[in-house]
Amino acid sequence: MVAAFLLFDGRNNQSDATFEMMHEEGVFARLIELIQLESVQEEPRLHQLLLDLLYESSRIQRLKWEDFMAVDDSFILYLLGVIEGVSDDHEDPYHYPVIRVLLVLNEQYLVASTQRHDGRITNRVIKALSTHGMTYKTFGCNLILLLNRESETSLQLLILKALYLIFGNRQTAEYFYTNDLHVLVDVILRNLMDLPSDSPAANALRHTYLRVLHPILTHSQISKPPHYKRTDITRILSLLVASGHHFAPVDETTKRLVNRCTAVPWLKPPVITRTDTADTNGSDAGVQSPVESAVGDGQKEIARRMLGMSVEGGEASATSVLEVASHTEKPGVLTPSRGKEVEGGG
């Protein structure tokens, strides 16, 4: 009854006062403890209530140091193990409440990584996938299924933030099965084309999709022959910046992020002559924007610190890490869609 009351009151309180009170009273660590109790796990409704309460209360504010310390590797592996099991709930075949907890924890780690004083905090979600990814593949499969069907912007962003870190980390860049990876690329390309061009919210979401697409093209299995849908990828990227494809001018960030994707070597047209090779190599040097190439050592350290346990050379743009971490949306806001505009006569 207490869990149900707190969840109901928190969701219906526009000021989030209930969840803020829970945060101040240190309820986070207690929820972590309760969720793992065997007696609670035997009560599916109570277990889901506690998971929902943990998700909702963690979504609206930054975790404290003590909260991060309450999450250990065994808790993350426990959640991944639940997802790996067969769901008894026909209305929730993907263990959605569990996945949302992992996603919001990953976001908390990502945001904490952008603060220099929080550099000691290890992203235990990415760490678990780095060390036990082969055992817990279902989490990745379900992420793709949820991204494919999700219409709420805030949840899309949570999924994209997880994908951004997974593909930016050398140890998890090939975490997904190849067939699932192909489906993911199809979903990303479809969503990129479906976002309208004259909406600030759509532009911000488009930027996040493009920031996720780049490490997929660079680090995942599709970076190796046979390259998946190379022609389709280059065509859609070109359409995103084509002047005749938009009612409004294409923003500079979209152009820059598209250029970064199209600069991936395997997407380029085949080189025919030695002269062409020299020209192509020469043009590559200027692809990255001055903003992203001129980040200081401190920002590069943020990128290295967040994008996994063994990323070398600061390959990830620190600017992208900060932008992906800061991009949020209120719950309940639906993602803008060209399809919906057409259906509505827009």
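Two residues are said to be in contact when heavy atoms of each lie within 4.5 Å. In this predicted model, F139 meets that criterion with L80, I83, I99, L102, L103, L129 and Y175, its neighbours within four places in sequence being left aside. F139 also belongs to the largest nonpolar core, a set of 92 residues. Together with F75, L105 and L163, F139 touches the most other members of that core.

Helix packing may be considered next. Two packed helices are described by the angle between their axes and the distance between the axes. For helix α12 (residues 178–194) and helix α14 (residues 230–241), the angle is about 20° and the axes are 10 Å apart. Because angles under 35 degrees count as roughly parallel, α12 and α14 are described as roughly parallel to each other. Their crossing is left-handed. Helix α12 contributes V185, L189, L192 and M193 to the contact, and α14 contributes I233, I236, L239 and L240. By class, this contact comprises eight nonpolar residues, with no polar and no charged ones.

A second pair is formed by helix α5 (residues 44–59) and helix α8 (residues 96–113), whose axes come within 9 Å and cross at roughly 25°. α5 is therefore roughly parallel to α8. The crossing of α5 and α8 is likewise left-handed. On the α5 side, the contact is made by Q48, L51, D52, L54, Y55, E56, S58 and R59; on the α8 side, by P97, V98, R100, V101, V104 and Q108. The contact of α5 with α8 has seven nonpolar, three polar and four charged residues.

Definitions and conventions:
Residues numbered from 1 in each chain as written. Predicted model: local features only at pLDDT ≥ 70, side-chain atom pairs only at ≥ 80, totals over all residues. Heavy atoms only, no water. Core = buried A, V, L, I, M, F, W, Y, C linked by side-chain atoms within 4.5 Å. Buried < 20%, exposed > 50% of the residue type's maximum accessible area, 1.4 Å probe, protein only. Axes fitted to C-alpha atoms, helices over the stretch in contact; angles between N-to-C directions. Helix = DSSP H or I, 4+ residues; strand = E, 2+ residues; numbered from the N terminus. Parallel < 35°, antiparallel > 145°, perpendicular 65-115°, else oblique. Left-handed = near helix turned anticlockwise from the far one by under 90°. Nonpolar A, V, L, I, M, F, W, Y, C, P; charged D, E, K, R; others polar.
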